[in-house]
Amino acid sequence: MKFCSLYSGSSGNSLFISNNNTKILIDAGLSGKRIQSAMDLIAEDLREIGGIMVTHEHSDHIHGVGVLSRRFDLPIYANEKTWEAMLKSLGKIAEHNIKIFDFEKPFDIQDLQIKAFKTSHDAADSAGFVIFDGKKRLGIATDSGIITPEMRGALSGCDLVVLESNHDVSMLEAGSYPFYLKQRIKSDFGHLSNETAGDLALALVQEGTKQLVLAHLSQENNYPLLAYETTARILSEAGIVLDKDVKLCVAKRSSASETINL
């Protein structure tokens with residue numbers, strides 16, 4: 001299985017995943033043109049995408065979903081409440097491309113097996129995903145204010161986990177955001193801090209995760225190096241050796257990150 005973060009952050013998110021026979025996107029939160037540009041950079045063809053899976057309806061995750069579906073006749077996979085919340089924003093979608101998944105039922109996109117799980121975010125019914133190709137498991141967990149037991153269980157044993165490391169708490173508290181926005185970000189329905197991400201990363205590595213990608217960093221309340229060093233410190237203090245026991249990286253905000261082969 002191959003993974004690449006095309007874009008990651010509050011200005012837009014899109015992830016690419018493939019195996020030998022299937023290619024999918026998770027979210028398309030930038031313009032179709034910018035998604036196309038990122039795909040060109042990694043030598044992948046949007047016409048070969050088997051579907052777009054949507055985590056939730058916020059614009060930084062769905063901005064380009066509708067246009068890509070229309071342009072390339074792509075199926076869109078989302079849960080029922082997310083569909084209801086985002087349908088007007090997507091524009092007209094062909095009936096055969098409206099795919100509704102149930103959290104209780106795993107589903108397939110071609111030969112990739114998908115299990116969705118709930119996250120805790122201020123959206124209609126936000127989701128994370130575990131993707132299984134028959135050999136490797138890849139977990140996606142962004143946009144959640146807390147680590148729920150369901151999230152924790154779903155990510156356990158994944159070979160690679162894409163994990164939100166949105167903000168540094170001190171930077172957020174001292175920053176320019178209005179009080180209500182700071183409270184929203186720190187709430188149970190907001191975003192994960194660097195420290196929370198690091199604590200979960202440690203638990204996952206102790207259960208077998210070999211690669212971690214820190215994602216969805218705030219442009220105003222975080223730095224890539226700070227997010228990296230926070231998780232690296234937590235892992236190192238527990239005796240985890242970076243690049244031996246686990247590989248750790250940070251997804252880029254405005255361009256495609258390095259492709260990871262599982």
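**Salt bridges, core and a buried asparagine**

Mentor: Start with the total: the count of salt bridges comes to eleven. Keep in mind that this is a predicted model.

Trainee: Which residues are linked in a network of salt bridges?

Mentor: Side chains of opposite charge can pair when their charged atoms come close. Here such pairs join into a network. Its members are Lys2, Lys23, Glu44 and Glu48.

Trainee: How many residues apart in sequence are the parts that arginine 152 and glutamate 207 tie together?

Mentor: The side chains of arginine 152 and glutamate 207 form a salt bridge, with N to O at 2.6 Å. Arginine 152 belongs to helix α5 (residues 149-155), while glutamate 207 sits in the loop between α8 (194-206) and β12, so the parts they tie together are separated in sequence by 55 residues.

Trainee: Is arginine 47 buried or exposed?

Mentor: Arginine 47 meets aspartate 45 in a salt bridge of 2.9 Å, N to O. The cut-off for exposed is over 50% relative accessible area. Arginine 47 has 64% relative accessibility, so the residue counts as exposed.

Trainee: Which helix holds the glutamate that pairs with lysine 186?

Mentor: The partner of lysine 186 is glutamate 173, at 3.4 Å from N to O. The two are 13 residues apart, and lysine 186 is in helix α7 (residues 179-186), whereas glutamate 173 is in helix α6 (residues 169-174).

Trainee: Which members of the largest nonpolar core touch the most other members?

Mentor: This core has 27 residues. Elements giving two or more residues to this core include β1 (2-7), α1 (32-41) and α3 (65-72). Leucine 25 has contacts beyond its sequence neighbours within four places, among them Leu6, Ile35, Met39 and Leu68. The members that touch the most others are Leu6, Leu25, Ile35, Met39 and Leu68.

Trainee: Why does asparagine 222 count as buried?

Mentor: Asparagine 222 lies in the loop between β12 (211-215) and α9 (224-237). Beyond four places in sequence, the residues it touches include Ser165, His167, Asp168 and Met171. Buried means under 20% relative accessible area. Asparagine 222 counts as buried because its relative accessibility is 3%.

Terms used: Residues are numbered from 1 along each chain as its sequence is written. This is a predicted model: local features need pLDDT of at least 70, side-chain atom pairs count only at pLDDT 80 or more; totals for chains, interfaces and linings use all residues. Side-chain values use heavy atoms; hydrogens and water are left out. A nonpolar core is a set of buried Ala, Val, Leu, Ile, Met, Phe, Trp, Tyr and Cys residues joined through side-chain atoms within 4.5 Å. Buried means under 20% relative accessible area, exposed over 50%, partly exposed in between (1.4 Å probe, protein chains only). Helices (H or I, at least four residues) and strands (E, at least two) are DSSP runs, numbered from the N terminus. Contact means heavy atoms within 4.5 Å. A salt bridge is a side-chain nitrogen of Lys or Arg within 4 Å of a carboxyl oxygen of Asp or Glu.
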